[in-house]
Amino acid sequence: MKITDQKLQVFYPEVYDDKERAAVDALRREVERSGGVGPAADRIEKASLAAMLDYARLWNPYDPLYNDPEYAAVTRWGRLPALPCYIFEENISGFPMMDDIGDELGNVFYYANDGGDIELFRPVYDGDVITMKSVKQELRDVTPPEGDTLRQFSLYGEAEMRDADGNLIGKGKGYGRNAMMRILEGYVPTELEQTYEWLDNIPPAWVFPRGSRVDRAKWRKYVRLVYNFNKVYPYALLGAQIVEEVDFPAKNLKLDKAAKQQALIDLMENDKDVYNRQYDEMMASSAEVARMIQAKEEERRRQAEAEAARRRQAELEAQRQAQLQAQQEAAT
């Protein structure tokens, strides 16, 4: 089963039915009122040393400036500064997330956080009272004018962070995209199945140092490694989620090792069709690529052997000609 095999609705920008229009308008009003949606909206936070140390241990446990108050006290800062971005959570811009609309705009969803830009003007210290205030929020329907089965939204937000005296501490910008489809006829995938379908459509990406010179064999090996990692890693995360779903109730119910193992097997059994399909597709793809690589390597080997034989024949011919010339010179 593929999502793209279903009969899908075609969307157009800013064209909604009554329920969709009400949902979009409600979200825009909420964004305007609160400066965003969720924890990144307008708010006031107080920095605490304990939380600062927890954040530093999570993201940079090796720098004593952010992890050791005694070390920080003898630096030019005079006390421990918070690791940059600590007070922001994910980002301070608070751009709206479309999942707050629910199922009004589609029944298959995709969310993307495109990151943000953060500018800091001074460190944050223990006890600082920080006010986050939205400056600008945009929610634009960027579905292609000619119509598309994928309804797309562009999300953008700006915010400022000030201390109790009104001094500017930092600025932030956030960028996001949301998209959704609506299946009109046929089976609507579960959330887990939707995850697999989207993973099938996310192209792998890789980074290589600029100016690097890599031979073809190493490059193909590297590209395949990146491709396999991009395809397999999300499934490893889902596997970890399944284990976590078993661990928590198992601990509360005080299940023994055998009972916990059986619960895990039962849970994975429910999703085996999805896992097996993805595993089979990846294995088939990898096997085909391996065959192609093997065939190309064999062809290069034959060409190298033919070239070596040609050179050897040329050397023998050159030796023969040299001998003939030497004999002629000796005869004269």
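Contact here means that heavy atoms lie within 4.5 Å of each other. The structure is a predicted model, in which local features need pLDDT of at least 70 and side-chain atom pairs count only at pLDDT 80 or more, while totals for chains, interfaces and linings use all residues. Residues are numbered from 1 along each chain as its sequence is written, and side-chain values use heavy atoms, with hydrogens and water left out.

**Exercise 1. Find which residues of α2 are buried, and state what they pack against.**

Step 1. Helices (H or I, at least four residues) and strands (E, at least two) are DSSP runs, numbered from the N terminus, and a residue is buried under 20% relative accessible area, exposed over 50% and partly exposed in between (1.4 Å probe, protein chains only). By this rule Met52, Leu53, Tyr55 and Ala56 are buried in α2.

Step 2. Looking down the axis of α2, the buried residues fall within an arc of 160 degrees, so they line one face of the helix; the arc is that of the directions from the helix axis to the C-beta atoms.

Step 3. On the face turned away from this buried side, α2 carries the exposed residues Ala50 and Leu58, whereas its buried residues pack against α3.

**Exercise 2. Describe the order of the five-stranded sheet and identify its edges.**

Step 1. Two strands pair if DSSP finds at least two bridges between them. The five strands form an open sheet in the order β2-β4-β5-β6-β3, with antiparallel pairing.

Step 2. The edges are β2 (43–46) and β3 (108–120), each of which has a single partner strand, so one side of each is left without a neighbour in the sheet.

Step 3. β3 and β6 pair in the antiparallel sense over 11 bridges, and phenylalanine 109 stands opposite methionine 180 in β6.

**Exercise 3. Compare the surroundings of the salt bridges arginine 182 to glutamate 20 and glutamate 45 to arginine 43.**

Step 1. A salt bridge is a side-chain nitrogen of Lys or Arg within 4 Å of a carboxyl oxygen of Asp or Glu, and the whole structure holds 20 of them.

Step 2. Arginine 182 and glutamate 20 meet at 2.8 Å, N to O. This pair links distant parts of the chain, 162 residues apart, with arginine 182 in the loop between β6 (168–181) and β7 (183–185) and glutamate 20 in helix α1 (residues 18–34). Both arginine 182 and glutamate 20 are buried.

Step 3. Glutamate 45 and arginine 43 meet at 3.2 Å, N to O. Here glutamate 45 is partly exposed, with a relative accessible area of 25%, while arginine 43 is buried, at 12%.
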